[in-house]
Structure formats: structure tokens, C-alpha cells
Amino acid sequence: MLDSLVLHDFRCFPRAEFHPAPGLNLLSAPNASGKSSLLEAICVLLRLQSPRAGALAEAVRRGAPGFSLLGRCGDRNLACHYSSAEGRQLKLDDVPQGKSDAYLGVGLAAFFCNEDIELVRGTSSKRRRFLDFLGSQCDPGYLKNLRAYERALRSRNFLLKEGPHRGRELAAYDGPLLSAGEYLGSARTKLCEELRPLFARYAAAISAKDEAVSLRYERSGGHDFPAALAASAEEERRLRQTVVGPHRDDVSLEVDGAAAASFASEGQQRTLSIALRLAQAELIRSRRGSPPVYLLDDVFGELDTERRRRLLQALPGDAQRILTTTTWQWLEEAGDAADWTIRDGRVEMR
Ligand SMILES: Nc1ncnc2c1ncn2[C@@H]1O[C@H](COP(=O)(O)OP(=O)(O)O)[C@@H](O)[C@H]1O
Ligand SMILES: [Mg+2]
């Protein structure tokens, strides 16, 4: 649970503070007041990853040298400082951290946004990123293997681009690529198997329809990665890049036996993407023993009244939830939610 957040030079905020309540937090403010930036800051603080930007540099307030995020999470203090000059610097309980492992062990997050529909209809990279965000929160060895795989892949692709004369050097990276790749392939397969029933349950809960939805991890080269890599040597030389492996894998999503990307309506696709996020959060809880902070950025605007209601109901009552929108006028009953707004760059109680 996040008790407090202080931002310096993050996006539009020169300095701001936020002290979310333990349960439901509703944040409403006009466009461009900083709602998405605030949720992004929470995600970066807890997971060191921006759900919007590819690089943390984008989140630095224009004209500033870097940003700082300080937060209290349970009884731990997190601090993340980023500048282009010094890169990322982390502190856990005021102790500088060379590695991110212990830091990332503190906070869990699930981020929902409008662009999540791309999980269903967008390119496979979106779905791999979804699994990586999940894997890094569920499995202590995941991130290490992902980074090792990416390093080996970069080196291999560099050598393949250089041309056939670098063939012998290429083989030196096969070992690291295969071992990290096997790890990722089986970890992701297992994540998808565990996601499947949760995904089906949430899809039914949000749509209130009895459609058969399914989800499956698909390996680009089949189940034998070493054999697939060896068999692709010819194609690699021709295309000058590594053509099989976890960086090409995908998650197939189906509704009543048909590919969701091509056959589901936009409304269905949106429902499926929300169900994926809810399943992701649920799986984090079951693997880690406590729920992530639910961050929902402006997802209600695109839903009809019934789906809004069902989504609100699907969010677990014992989790910290921070929801943004431009207006809560449609909300009949918010219970004992904390009601926030942003005025002149300050987060305030309404
Ligand atoms: N790196 C940045 N530096 C300064 N301002 C930024 C930066 N990135 C985005 N902004 C501005 O922050 C404001 C708030 O954006 P956003 O958080 O998306 O608002 P909301 O979600 O409330 O619509 C926008 O006016 C945007 O132009
Ligand atoms: Mg926004």
C-alpha cells in the first residue's frame, strides 16, 4: 500500500504531494491537469517502469535536469531519482541500492489505461510487455533472465548485421540466449496457464455474457528453442537478425474460437483488455500474498454504464485503488471513497 508520494520535476509537476487513502481513491480533474502523470509517477516509483513512456527521460519536467520520486510504502521508504547525467539512482530506507532487486520487492502495482485495448488488437510486443510486467512482479528470477536475454539478443543481432564473417563470434552468444530464453519461455507459459481461468472469470464478470474466451502462450519456434534456433541459421543470415525466441513469441486471445484481434467488436476488445488487467492483478496477489495497488487511468469514460458498474464491483475491496476520470457524475454511490482533485498542480481533497 502506498501511504505517500512526493514528486519533484516529474512531468507537469515542479513539486507535489499525494497521500492516498488505504481503500478507494477517486481523482477527478479536467484534461491536462496531471492525472495520468500522477498515476504514472506511482507506477515508476513502485515498479521503475513507466506505463506510458518507453524511457524515463520523457517524464522529466521540461527544462529540469531530472526528477525525484519519494514514497512511503508500508513501513519502507522508496526513493527514485532520475537524470540524464546520472541515470537512475535508487534508495531503499535511505540506503543507496546498486541493484533493483530489493527495491522492487517492496511495491506491487497494476496499471489500467485506455490504451490497454492495444493488448488485444495491437502488435505482439504489447502482449510480451504485459507478461514481462507481470513476470517481474511474480517471479524473483524473471527480470534477471529478461535482461540477460536482451543483452545476448542485442549482441547476436549486432553480429548478424555485420555479416557472415562474424559467424564464429555469434555462436558465443547462443548459450546465454538459449538459457535465458528457456527460462522466459517456460515462465511465460506458466503465467499464461495461471492467467487463463482468471481471465475467463473476469471477462464473464465484466461483459455478463457467457462467451468462451481463451488465452494461450505461443512460442515463435515451437517448444524446442535450441532446435528452432539451429534450424533458423539460414534465415538469420538472410534477414540479418535473430528470428526465433521469446522476443518473437505472442499470446493468442480467442473469443468463441475466433481470434479476438480480428473478430471481436471494439466493446468486446475493451472488455477483454480490462479482464486481462484484472487477471494480471489477481495473479500478482496469489503469487505474492498481497494485492497490488490498482491504478486505473481514465478507463471508465469508454465504457457503458453497466460495464462501469461491473468493473467497479470487480475491483477487490481490500486493495488500494486509485481511479482517475474527468468526472464522476455518473457514479451514483461512491461509499467511503477519498475524493481528490488537482488544482494548479496540487493534489487536494475535494
Ligand atoms: N515532460 C513534461 N514536462 C512538462 N510537462 C509535461 C511533460 N509531459 C507532459 N506534460 C504536460 O503535463 C500536463 C498534464 O498531462 P496529463 O498528466 O496527461 O494530464 P491528464 O491526465 O490530467 O489529462 C499536460 O499539459 C502535458 O502537456
Ligand atoms: Mg490522462
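This is a predicted model: local features need pLDDT of at least 70, side-chain atom pairs count only at pLDDT 80 or more; totals for chains, interfaces and linings use all residues.
Leaving aside its neighbours within four places in sequence, which residues is L295 in contact with? Residues are numbered from 1 along each chain as its sequence is written, while chains are lettered from A and ligands numbered from 1 in the order in which they are written.

View 1. Around ligand 1 are 14 residues, each with its C-beta atom, placed from the backbone, within 6 Å of the ligand. C12, A32, K35, S36 and S37 come nearest. The shell has five nonpolar, five polar and four charged residues. Here Ala, Val, Leu, Ile, Met, Phe, Trp, Tyr, Cys and Pro count as nonpolar, Asp, Glu, Lys and Arg as charged, and the others, Gly among them, as polar.

**View 2. Strand β14 and its partners.** Strands are DSSP runs (E, at least two residues), numbered from the N terminus; two of them pair if DSSP finds at least two bridges between them. β14 (residues 338-343) runs parallel to β3 (residues 24-28), with three bridges. N25 stands opposite A338. β14 and β15 (residues 346-349) run antiparallel, joined by four bridges. I342 has V347 as its bridge partner. Two residues separate β14 from β15 in this hairpin, and D344 in the turn has a positive phi of about 45°.

**View 3. The contacts of L295.** Beyond its neighbours within four places in sequence, L295 is in contact with L39, I42, C43, A109, A110, F111, F112 and I322. Contact means C-beta atoms, placed from the backbone, within 7 Å.

Definitions and conventions: Two residues are in contact if their C-beta atoms, placed from the backbone, lie within 7 Å.
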